[in-house]
Amino acid sequence: MAYKSLDSITRSDLKALGISDDVSYKLLRDLQDIIRNHGSATPPPERWIEISRRILHPDLPFSFHQMMYYGCYKDFGPDPPAWLPDPKVASLTNVGGLLERRGREFLGDDSYKDPISSFSSFQDFSVSNPEVYWRSILDELNILFSVPPKCVLEKDTSGDNPGGSWLPGAYLNPARSCLSSGSKRRSDDDVVIRWRNEGSDDLAVNNMTLLELRSQVWLAAHALNALDLEEESAIAIDMPMNVESVIIYLAIVLAGHVVVSIADSFSPREISTRLKISKAKAVFTQDEIIRGDKSIPLYRRVVDAEAPLAIVIPARGSFVRMNLRENDLSWNEFLGKAGNMRGVEYIAVEKPAGACTNILFSSGTTGDPKAIPWTNISPLKSAADAWCHLDVHQGDVVAWPTNLGWMMGPWLVYASLINGACMALYNGSPLGPAFAKFVQDAEVTMLGVIPSIVRTWQNSNSTSGYDWSRIRCFGSTGEASNVDEYLWLMSRAHYKPVIEYCGGTEIGGSFVTGSLLQPQSLAAFSTATMGCKLFILGEDGNPLVSKFICVIDDAVLILNDFKVSRIELKLAWSFFIFPSSFQPPEAEGVGELALYPHVFGGSSTLLNGNHYNVYFKGMPTFQGQILRRHGDLFERTSKGYYRAHGRADDTMNLGGIKVGSIEIERVCNSVDDSVLETAAIGVPPPSGGPEQLVIAVVLKNPELRNHDMNLLKKSFNSEIQKKLNPLFKVSSVVTLPSLPRTATNKVMRRVLRQQLTQTGLNYLLRNQNQSLSLSRNVSRTFKPLRCSSADSPYGGNVPTFPRTRVWDPYKRLGISPYASEEEIWASRNFLLEQYAGHERSQESIEGAFEKLLMSSFVKRKKTKINLKTRLKKKVEESPPWLKALLDFVEMPPMDTVFRRLFLFAFMGGWSIMNSAEGGPAFQVAVSLAACVYFLNEKTKSLGRACLIGFGALTVGWFCGSLVIPMIPTAFINPTWTLELLTSLVAYVFLFLSCTFLK
């Protein structure tokens, strides 16, 4: 949509946005006043800041905010800043205060000016002088060492560990720093955790002081000792991010053990994989996850994963509402093992700086999750990032919807507690008004988000009416963000900045982010993280550098209007010796991102892989140091900002969760017999935002190119959400005659991704239902994608979904709360077709559908039976053996049941009618063949179908042989033989096995 310049806006323009006459008159008067006082000579950023402070308010239509923002920056060019630092308060930030005190010491009297002007120089200093920088930061964080390090960085000379050894010789325990008091930051009476459970939204926020938290952690650590585990045992946590999980996490670390982080959304198979890789000796979990009036049995998943000793915390109340396995413990039983140790100090187990404290998992391109050990240094990296870039300090309340199974869970613990701040935890869904109210009531000052959550808030207007004015800044991570969505987010808190934060599990934090001492542009990063140096690799695999020609001694001559070629650059490099601190100017461009190898808190080992091969092998060098691979595609803009363009390798980022292509392809390849092979690619939409999952399919028969892609897409979604994650969603399916491969037969997913990004999705958004040619002699047909946010809200006669604001997802989709999975899918597909082209309607429909998947997926997977409420409750309260039995059965559609019942009843009648002529051998053979046929349709395995069919016949015949002789002869027709009666029992068993067994 084209926006007018500010001086062209009229009252009619404001009235068209739904603004009343009185309000539009005042807004226009204030706008004209700003234009007069800040004329054409005033830079647009300063004019925008004045507008955002004086005119814009959360209650005004967001379309008016857009009109002001785009009108102010009309013809400005790329990267218009949405927020500017205030020089008057710059020294009140953590980094600003440090620079005011020691800036001249760090940078020199001639170089240091003020915190804002000198921030970039300080970032360079943090890379070139790690010894001074990190000692200063660790001192600011009050990190407690039982044995101090002999130095900060010990560089590797063997080449085996290019990242070097950080804090060699040091002994510490990061949990001890989280629980310490008496420092310059806090006291025992300070509140360190605020929380609220979903459904208690009208009650006051719960508080826990540092003294109370420390006492609870000590007690849990004493109880861990009572379990007699080996030193440094791996102990898993598979539960939501709540007060109990934080206590457990800190207790495990304090006791010197190793936390194994497992997300509470994982299937039993994924849980089992992580438990086996980490060799976990115990697991903390919850009996169930409660979301509204629904409950998801979490402990049951842990049992299905064949987990070791489980300690089960009740989701509500004080007692676990289910039977536990033998030797498993309830939370009360576990704490009871501590005896009379309540209130007794637990002496922290101090370990070397390089010792493992947490095992986290990040998907790679091999299909198996990479097991990444966090050392004792990783928590310090998390805390330092929060201190430097998000300005977290005492008095802050930090909220970030996350889970201990992902990096941001442990990050939140350390970033808040080590910095003396309070963490805010909401035990429920962050998508609705209840969470927005919690942010207000908990007085959150730093709110972390992922873009998909922001999109849901905006589409549902769930933050309306709540006061977020206490927020000082937002943090954003997990996936690529969108300009308009984050402009909306800033408007909710009177235009507080959004600090983008991008890193990785293997980094322990971020490598590129923003700062409160720099202008912040929407959906962009303003700086490399403190201590990190970034490189964007060109097409030749070498770093992009810019505009320098020669070096004389230690002086570098830079010509701003002359760019040397790479050949001239290499000649200059060979003739002159650069000082070790020299950093060539960075050039704008797009390429794979690489890091300088010395990353504080970065990983140096993998539990199930070769760390050097994964992160360093084949990478270019800089100043004699091999660069570290990260794998993201990044762009450095002409104004010095960084923008993310997704993954460069075969790992995708779906909704903030990294997943390997091979994991998805393994599932898709077995969905349909017509599929020969598939390739899973994450493709960013043209309008920006998170990656969309596209499945490229090669069919076994090329003549089946008109195969129903909608049906195939539905099958892919169903299987991926069942076997991998209920939040993953296939956006498009495309057919190919073959997949592009290398000479060694490796699939070139990167080529597919580039082709789809550059031509496919852009073309389809303009020409829905059209064929697309991506390469010579190859045409593909896509399913239409959702319109971008700029396509539908303005003009046109697109029908609007009338239930957008209905909160109950069942009512929004127009289905019963007891609807089957097929009914949910059918309703969602029908509504998407009805309201295709209206972005807000489609987002609302998809939001309800995804909420149902998230809240009831596991229960539907386990039972497959559409039971009424009371019967469901009976099943959940039933003994474990009955639950295990129900795992083997499913309830097919009733028409299927009646058809098969009729078939086997016909066989029984036929056998009775021919009983006088001969035995039922032929009828039994036909029944067995029919049973095997039905089972083969279900299992896709003829061998397994035959085995189950013959087994059912054998068991039925055996049971009939035992039961029939016990029936009094008065009840049996004298002409019916024992063979006939036994065959009737066998028909029943064949019917049950082919109809109800999974």
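Is Asp441 buried, partly exposed or exposed, and what is its relative accessible area? Asp441 turns out to be partly exposed, with a relative accessible area of 25%. Here buried stands for under 20% relative accessible area, exposed for over 50%, and partly exposed for anything in between, using a 1.4 Å probe and protein chains only. Before going further, note that this is a predicted model, where local features need pLDDT of at least 70 and side-chain atom pairs count only at pLDDT 80 or more, while totals for chains, interfaces and linings use all residues. Residues are numbered from 1 along each chain as its sequence is written, and side-chain values use heavy atoms, with hydrogens and water left out.

Now for the overall picture. The protein has 998 residues, and 55% of them are buried. Its secondary structure comes to 32 helices and 41 strands; these are DSSP runs numbered from the N terminus, with helices being H or I runs of at least four residues and strands being E runs of at least two. Take contacts (heavy atoms within 4.5 Å) between residues at least 6 apart in sequence: 69% of them join residues at least 24 apart. The accessible surface comes to about 42,800 Å², and carbon and sulfur atoms account for 54% of that. Those areas come from the Shrake-Rupley method with a 1.4 Å probe, and for residues only the protein chains shown count as cover.

Next, the inside. A nonpolar core is a set of buried Ala, Val, Leu, Ile, Met, Phe, Trp, Tyr and Cys residues joined through side-chain atoms within 4.5 Å. The largest one holds 160 residues, and Trp48 and Leu447 touch the most other members. Helix α10 (residues 243-254) supplies the largest share of this core, 10 residues. Leaving out residues up to four places away in sequence, the partners that Leu447 touches include Ala399, Phe435, Val439, Trp457 and Trp468. Ile471, Cys473, Phe474 and Gly475 are also among the residues touched by Leu447.

Helix α6 (residues 119-128) has its own set of buried residues: Phe119, Phe122, Gln123, Phe125, Ser126 and Val127. Their cover includes α5 (94-107), α7 (130-140), α14 (378-389) and β26 (527-528).

What about cysteines? A disulfide is a covalent bond between the sulfur atoms of two cysteines. Going by the cut-off used here, a pair of cysteine sulfur atoms within 2.5 Å, the structure holds zero disulfides. Cys388 is buried at a relative accessible area of 7%, and Cys422 is buried too, at 4%.

On to charged pairs. Side chains of opposite charge can pair when their charged atoms come close. With a salt bridge taken as a side-chain nitrogen of Lys or Arg within 4 Å of a carboxyl oxygen of Asp or Glu, the count comes to 25. One of them joins Arg643 and Asp79, whose closest N and O atoms are 2.7 Å apart. Arg643 sits in strand β34 (residues 642-647) and Asp79 in the loop between α4 (62-72) and β1 (81-83), so this pair ties together parts that are 564 residues apart in sequence. Arg643 counts as buried at 18% relative accessibility, and Asp79 counts as buried at 4%.

Glu131 and Arg135 also meet in a salt bridge, at 3.1 Å from N to O. These two are four residues apart in helix α7, so about one helical turn separates them. Glu131 is partly exposed at 30% relative accessibility, and Arg135 is partly exposed at 39%.

That brings back Asp441, which forms a salt bridge with Arg196, the closest N and O atoms being 3.0 Å apart. The pair links distant parts of the chain, with Arg196 in strand β6 (residues 191-197) and Asp441 in helix α16 (residues 433-441), 245 residues apart. Arg196 is buried, with a relative accessible area of 2%. Elsewhere, salt bridges that share partners join Asp33, Arg36, Glu50 and Arg54 into one network.

Finally, the later part of the chain. Arg812 lies in helix α24 (residues 809-813) and counts as buried at 8% relative accessibility. Its C-alpha atom is 9.7 Å from that of Gly847, 35 residues away along the chain. An unreviewed UniProt entry gives the annotation "transmembrane region" to residues 919-935, 947-968 and 980-997; the positions follow the numbering used here, feature names are shortened, and annotations may be inferred rather than shown by experiment. In the model, residues 919-935 are 88% helix and 0% strand, with end C-alpha atoms 26 Å apart. Residues 947-968 are 77% helix and 0% strand, and their end C-alpha atoms lie 34 Å apart.
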